Amino acid sequence: MSWVRLLVRAGGLFLLTVSAVYAQESAAPPLSLADLDALIEEDSTTTPTLDQSGLIDLLALLGFLALAVTSFLKKSATLKYATMVAAIAYMGFMKGNLVSVVHIFALMDWSFPLFQYNIGWYVLMIFTVVSTVLWGRLYCGRICAFGSLTQLMDKLLPARWRVELPPWLERRAIYVKYVLLVAVLGYFLVTRDTLVYRYVEPFWMFTLSGSTMMWALLAALLVTSVFIRNFYCRYLCIVGAGLGLLSNLTVFGIKRWQQCNTCKICENACEWGAIQGSKISVTECVRCDDCEILYDDEDKCPHWLMLKKTVAKLEASKAP
Ligand code: SF4
Ligand code: SF4
């Protein structure tokens with residue numbers, strides 16, 4: 001059996017399991033996007049337009065996004081980790097503001113929240129799409145609260161605990177998230193059930209509101225992430241898969257030297273398995289800066305070291 005067929009079957013099995021768990025846990029009929037729209041409409045009759053707290057939220061979101069972009073453009077590790085901490089604390093626990101598969105459902109239904117009551121929602125969505133087209137999965141690299149959490153875990157936990165998947169498995173496992181993307185969108189098209197998101201992504205954890213089954217799945221996910229870095233993001237995230245596909249349009253990619261064909265420094269440094277030889281997979285890269293900082297490092301990158309050697313030779317040959 002080919003590995004593609006194996007992955008498709010695994011995705012189907014996963015969805016059947018999710019459906020069974022969902023059917024057991026939920027006595028209420030699933031909420032459709034039309035229901036959500038009705039709730040928003042109903043709410044809009046009592047909710048004032050952008051009030052003081054709404055304005056503060058919007059300014060805080062804009063400030064956070066400005067910090068993220070500044071950290072990226074400046075290639076500052078300190079600002080990047082500050083952005084990640086803010087992503088977990090503010091975007092995650094305080095606001096629960098993450099891009100989710102539910103947003104892809106809304107896009108498929110062309111059913112969006114009312115602009116005047118959800119300006120922050122539109123700002124985050126537009127930022128995510130535009131930054132992905134410009135640079136790639138910047139959202140995954142530092143905006144997403146869950147991705148930031150697992151990346152910080154990876155920095156804090158001892159490296160000796162880490163298990164690297166064999167390359168043949170790694171190369172195949174990255175496709176699981178695309179199988180899940182197709183399977184979950186197919187499931188939504190058939191059932192119109194938006195609540196499936198609770199079992200295919202862990203973002204609800206920031207609202208601290210899960211069932212026993214959901215907490216058990218999350219615990220398994222986090223324990224696995226202790227040993228396999230960025231496990232969910234690399235292999236399972238549906239949003240990451242969607243942004244990965246969008247990354248094929250990236251305008252400003254990562255530059256490479258000719259020496260990258262043989263050098264392995266960046267390939268070994270990439271925590272996302274996105275570098276193979278001189279090639280960078282735009283769908284897997286999250287613009288974490290690690291290889292770009294190495295690329296510019298005149299004391300580590302062979303390109304600069306060879307250049308320095310050549311210049312030194314030339315100067316020596318010119319010396320009287
Ligand atoms: S892959 Fe998913 S969980 Fe990971 S950072 Fe991206 S959106 Fe977040
Ligand atoms: S190390 Fe480079 S290729 Fe790997 S994720 Fe970071 S920026 Fe992308």
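Helices (H or I, at least four residues) and strands (E, at least two) are DSSP runs, numbered from the N terminus. With that in hand, the structure can be described. This is a predicted model, in which local features need pLDDT of at least 70 and side-chain atom pairs count only at pLDDT 80 or more, while totals for chains, interfaces and linings use all residues. Residues are numbered from 1 along each chain as its sequence is written, and chains are lettered from A and ligands numbered from 1 in the order in which they are written.

The protein's secondary structure comes to 17 helices and two strands. A residue is called buried if 20 or more other C-beta atoms, placed from the backbone, lie within 10 Å of its own, exposed if 12 or fewer do, and partly exposed in between. Of the 320 residues, 30% count as buried. Two residues are in contact if their C-beta atoms, placed from the backbone, lie within 7 Å. Among contacts between residues at least 6 apart in sequence, 76% join residues at least 24 apart.

A nonpolar core is a set of buried Ala, Val, Leu, Ile, Met, Phe, Trp, Tyr and Cys residues joined through C-beta atoms within 7 Å. The largest such core has 60 residues, and those with the most contacts inside it are A87, C144, A145, L180, V184 and I238. Helix 10 (residues 176-191) gives the most to this core, namely six residues. Because domain 1 (3-252) and domain 2 (255-320) both contribute residues, the core lies between them; these domain bounds come from an automatic or database domain assignment. Leaving aside residues up to four places away in sequence, V184 touches V101, V196, V200 and I238.

Attention now turns to ligand 2. A residue is near a molecule if its C-beta atom, placed from the backbone, lies within 6 Å of it. Ligand 2 is surrounded by 15 residues, the closest being C270, C285, C288, D290 and C291. Helix 16 (residues 290-295) supplies the largest share of this shell, three residues. The shell has eleven nonpolar residues, no polar and four charged, where Ala, Val, Leu, Ile, Met, Phe, Trp, Tyr, Cys and Pro count as nonpolar, Asp, Glu, Lys and Arg as charged, and the others, Gly among them, as polar.

Two backbone angles deserve a look. Most residues other than glycine have a negative phi. In R192, however, phi is positive, near 60 degrees. R192 lies in the loop between helix 10 and helix 11 (197-200), and counts as partly exposed because 15 C-beta neighbours lie inside 10 Å. Phi of D289 is also positive, near 90 degrees. D289 sits in the loop between strand 2 (279-280) and helix 16, and with 20 C-beta neighbours inside 10 Å it counts as buried.
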